[in-house]
Amino acid sequence: MKRLYTAAVLFLIAIGLCIVEYVSINKYADEYVERIDRIEEMVKTGSTQKAAFAAREAEKNWEETVSIIDMLLFHDYVDEIGANLVQLEYYIKYGEEAELFATCESTKEQLLSLKESELPDAKNII
């Protein structure tokens with residue numbers, strides 16, 4: 001009987017950890033999508049210095065966030081997002097708006113894909 005209780009407790013712990021991971025990934029993905037949207041809006045309105053600063057801050061914060069996310073996810077996705085965030089500041093500084101917007105869209109798609117990969121669907125579990 002003790003084995004069943006132990007198994008049930010371990011199962012509940014695993015479920016709890018999965019829920020914490022899911023909520024964390026969703027929160028981080030939403031936060032960075034919002035940051036990228038703000039950067040795009042700043043560039044569109046001509047506030048390139050503010051946009052460059054915001055891009056630099058997003059990249060610095062991503063470096064802090066990545067230490068948490070790397071424990072939870074496949075590293076290639078996380079590395080690609082980080083590389084894209086690094087490029088944003090340079091595109092803003094050198095006036096490469098087409099590349100900036102393309103990279104922003106690509107990064108947002110990667111973040112949304114990251115979120116979707118954590119959904120408790122049968123296709124993600126199997």
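## A polar contact at Glu89

The side chain of Glu89 makes a polar contact with the side chain of Arg56 at 2.9 Å. A polar contact here is a pair of N or O atoms within 3.5 Å; within protein, one atom must be able to donate a hydrogen and the other to accept it, and residues adjacent in sequence count only if both atoms are side-chain atoms. The model is predicted: local features need pLDDT of at least 70, side-chain atom pairs count only at pLDDT 80 or more, and totals for chains, interfaces and linings use all residues. Residues are numbered from 1 along each chain as its sequence is written, and side-chain values use heavy atoms, with hydrogens and water left out.

Glu89 belongs to helix α3, residues 75-93. Helices are DSSP runs (H or I, at least four residues), as are strands (E, at least two), and they are numbered from the N terminus. With a relative accessible area of 9%, Glu89 is buried. The classes are buried (under 20% relative accessible area), exposed (over 50%) and partly exposed (in between), with a 1.4 Å probe and protein chains only. Apart from its neighbours within four places in sequence, Glu89 is in contact with Ala52, Ala55 and Arg56, where contact means heavy atoms within 4.5 Å.

Side chains of opposite charge can pair when their charged atoms come close. The structure holds 7 salt bridges, each defined as a side-chain nitrogen of Lys or Arg within 4 Å of a carboxyl oxygen of Asp or Glu. One of them joins the side chains of Lys115 and Asp30 at 2.7 Å, N to O. This pair links distant parts of the chain, with Lys115 in helix α4 (residues 97-117) and Asp30 in helix α1, 85 residues apart. Asp30 is partly exposed, at 32% relative accessibility.

Glu40 and Lys108 also meet through their side chains in a salt bridge (2.9 Å, N to O). Here too distant parts of the chain are linked: Glu40 is in helix α1 and Lys108 in helix α4, 68 residues apart. Glu40 is buried, with a relative accessible area of 7%, and Lys108 is buried as well, with 11%.

Because Lys108 and Glu105 are 3 residues apart in helix α4, about one helical turn separates them. Glu105 is partly exposed, with a relative accessible area of 37%.

Salt bridges link Asp37, Glu40, Glu105 and Lys108 in a network. The C-alpha atom of Glu105 is separated by 8.7 Å from that of Ile36, a residue 69 places away along the chain.

## Surface patch and cysteines

Phe11, Leu12, Ile15, Ile19 and Val23 make a nonpolar surface patch of about 510 Å². Patches are made of residues with over 30% relative accessible area and no salt bridge; like charges are joined within 9 Å, and nonpolar side chains (Val, Leu, Ile, Met, Phe, Trp, Tyr) within 5 Å. Phe11 is placed in helix α1, residues 2-44, and is exposed, with a relative accessible area of 54%.

The count of disulfides is 0, a disulfide being a pair of cysteine sulfur atoms within 2.5 Å. Cys18 is partly exposed at 47% relative accessibility, whereas Cys104 is buried at 0%.

Note on methods. Areas by Shrake-Rupley, 256 points an atom, 1.4 Å probe, with all protein chains shown as cover.
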